[in-house]
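Colleague: I would like to go through the terms used for this model. Please set each value against its definition.

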Amino acid sequence: MAASSSTLDNAATHKLSPELTLSERQTELLHRVVSFCERHQADDSGLFVIEGAAGTGKSVVLNAIFNALQTRARSGAAGDPLKDLRNMLIVNHPEMLKLYRNIAATMPALRKSDYERPTTFINTSAKTGRRADIVLVDEAHLLLTRPDRYNHFAQQNHLEEILRWARIVVVVFDPLQVLKFKSHWSADLLESFREGRPSEEFHLDTQFRVSASPAMCSWIDALGQGKILPRPKDPDFDLRVYDDCAALYADLCACNAQYGLCRLLSTYDYPYTLNGEDHFITEGDFRLRWDRSLPREKLPWAERPDTIDEVGSVYTIQGFDLNYAGVILGPSLFYDVKHDRIGVRPERYEDSAAFQGRDGIAAPEEAKTRVILNALNVILTRGIHGLFLYAHDPALRERLLRT
């Protein structure tokens with residue numbers, strides 16, 4: 001069933017607004033976190049972990065929690081344990097940071113200065129010696145787990161330093177969205193930070209983004225793990241597989257003209273450098289440039305009208321919704337005939353920075369495969385109403401066409 005353009009509100013500021021009505025489960029989480037903050041705000045360092053897969057509403061509820069905390073911090077009654085606290089929400093994702101600050105401009109209890117990237121928060125705190133009371137961390141799977149001179153981070157672990165400079169830390173975490181060796185999180189590593197301090201965890205498991213049947217959601221999730229299942233029929237979700245990338249792009253542009261917020265994405269399998277030049281993805285008659293880094297743009301990449309003429313990467317789309325997503329499965333992915341699944345060629349993955357800093361990582365070749373499949377999972381789970389697929393590998397393309 002096609003989406004109705006009259007019912008679509010494409011603004012990400014609306015989709016992530018603290019004023020949205022939360023589900024019963026999300027409301028329970030909000031109350032749990034606020035209660036945790038009330039009970040432990042005088043402790044040295046408490047940690048609350050929120051886990052959930054892509055599309056389970058983690059960022060929505062996190063911003064609602066932050067708005068509730070800031071409302072009480074700035075206008076709470078005398079005697080309120082959360083009054084006058086200094087709270088921050090941090091995210092290591094420049095596009096998401098833009099979105100949060102755009103939302104803050106519309107909410108009376110929020111300020112743009114309430115939002116920051118983790119390294120900036122850590123380095124500023126170390127310089128001033130001032131601790132925050134409550135820090136919320138979105139996309140915590142992007143936090144660094146080793147020093148990174150490029151990001152001006154000299155310490156060992158982002159979360160360790162955030163806990164040093166905050167009394168309570170609330171993190172949102174998805175192990176299937178770990179994308180780099182320098183942010184190589186595992187369940188065991190995260191669990192080690194819970195030991196010896198007040199801690200709780202909460203799991204979100206209801207899919208809110210992908211408007212599809214459970215069978216279709218399972219098919220997409222399985223594909224993101226390299227598994228090819230029989231394709232289910234779902235009249236409410238438009239799943240298409242193409243043997244021509246140019247035809248996919250033409251159909252996606254038509255959907256964008258009708259509904260808006262339709263974008264083409266690709267695995268990071270085509271050359272790209274941050275040198276100011278345009279870099280193009282070519283597949284047969286199809287040729288389109290990669291997304292361009294425009295940090296001064298107010299709107300995130302997914303919302304800028306001009307980006308229908310670009311191919312987005314995992315780094316520009318992570319955390320965002322699309323109405324329809326086109327996805328190119330690039331040269332690092334192929335059809336493994338023996339195991340009837342998607343195989344991975346890490347040597348064809350063009351995101352060389354993803355594999356830098358392998359010291360301390362057990363089985364690095366397996367870790368490379370996991371990173372590539374995690375990135376695939378992220379871009380496959382962006383579309384609300386539809387997903388259009390094209391595979392560079394002819395055998396994989398043929399296999400998907402006959403699912």
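Modeller: Start with the second largest cavity, at about 30 Å³. The model is predicted: local features need pLDDT of at least 70, side-chain atom pairs count only at pLDDT 80 or more, and totals for chains, interfaces and linings use all residues. Residues are numbered from 1 along each chain as its sequence is written, and side-chain values use heavy atoms, with hydrogens and water left out.

Colleague: What makes a space a cavity and not a pocket?

Modeller: The work is done on a 1 Å grid over the protein atoms alone. In a cavity a 1.4 Å probe fits but cannot get out. A pocket is an open set of points with protein on both sides within 12 Å along at least five of seven lines. Grid points are joined across faces, edges and corners, and the volume is the space filled by probe spheres set on the points.

Colleague: How many cavities of 30 Å³ or more does the search find?

Modeller: Two, over the whole structure.

Colleague: How do you know which residues line the second largest cavity?

Modeller: A lining residue has an atom within 4 Å of a point. Ser-23, Arg-25, Gln-26, Thr-56, Leu-204, Asp-205, Thr-206 and Phe-208 line this cavity. They divide into two nonpolar, four polar and two charged. Nonpolar means Ala, Val, Leu, Ile, Met, Phe, Trp, Tyr, Cys and Pro; charged means Asp, Glu, Lys and Arg; the others, Gly among them, are polar.

Colleague: Which residues line the largest cavity?

Modeller: Ala-54, Gln-207, Val-210, Cys-217, Ile-220, Asp-221 and Thr-381. That lining has four nonpolar, two polar and one charged.

Colleague: What about the largest pocket?

Modeller: It holds about 1400 Å³ of space. Its lining has 44 residues, with Pro-94, Tyr-150, Lys-180, Leu-274 and Tyr-315 nearest the centre. α4 gives the most, three residues. By class the lining has 16 nonpolar, 16 polar and twelve charged residues. Helices here are DSSP runs (H or I, at least four residues), numbered from the N terminus.

Colleague: Why is α2 called oblique to α3?

Modeller: Helix α2 (residues 24-40) and helix α3 (residues 58-75) pack at about 40°, axes 10 Å apart. That makes the pair oblique. The cut-offs are under 35 degrees for roughly parallel, over 145 for roughly antiparallel, 65 to 115 for roughly perpendicular, and oblique for the rest. Axes are lines fitted to C-alpha atoms over the stretch in contact, and angles run from 0 to 180 degrees between N-to-C directions.

Colleague: Which hand does the crossing of α2 and α3 have?

Modeller: Right-handed. The contact (heavy atoms within 4.5 Å) includes Leu-29 and Val-33 of α2 and Ile-65 and Leu-69 of α3. Its residues are nine nonpolar, one polar and two charged.

Colleague: Why are α3 and α4 oblique to each other?

Modeller: Their angle is about 40°, with axes 12 Å apart. They are therefore oblique. This crossing is right-handed. Ser-59, Leu-62 and Asn-63 in α3 meet Met-96, Tyr-100 and Ile-103 in α4. That contact has four nonpolar, two polar and no charged residues.

Methods
Helix = DSSP H or I, 4+ residues; strand = E, 2+ residues; numbered from the N terminus. Left-handed = near helix turned anticlockwise from the far one by under 90°.
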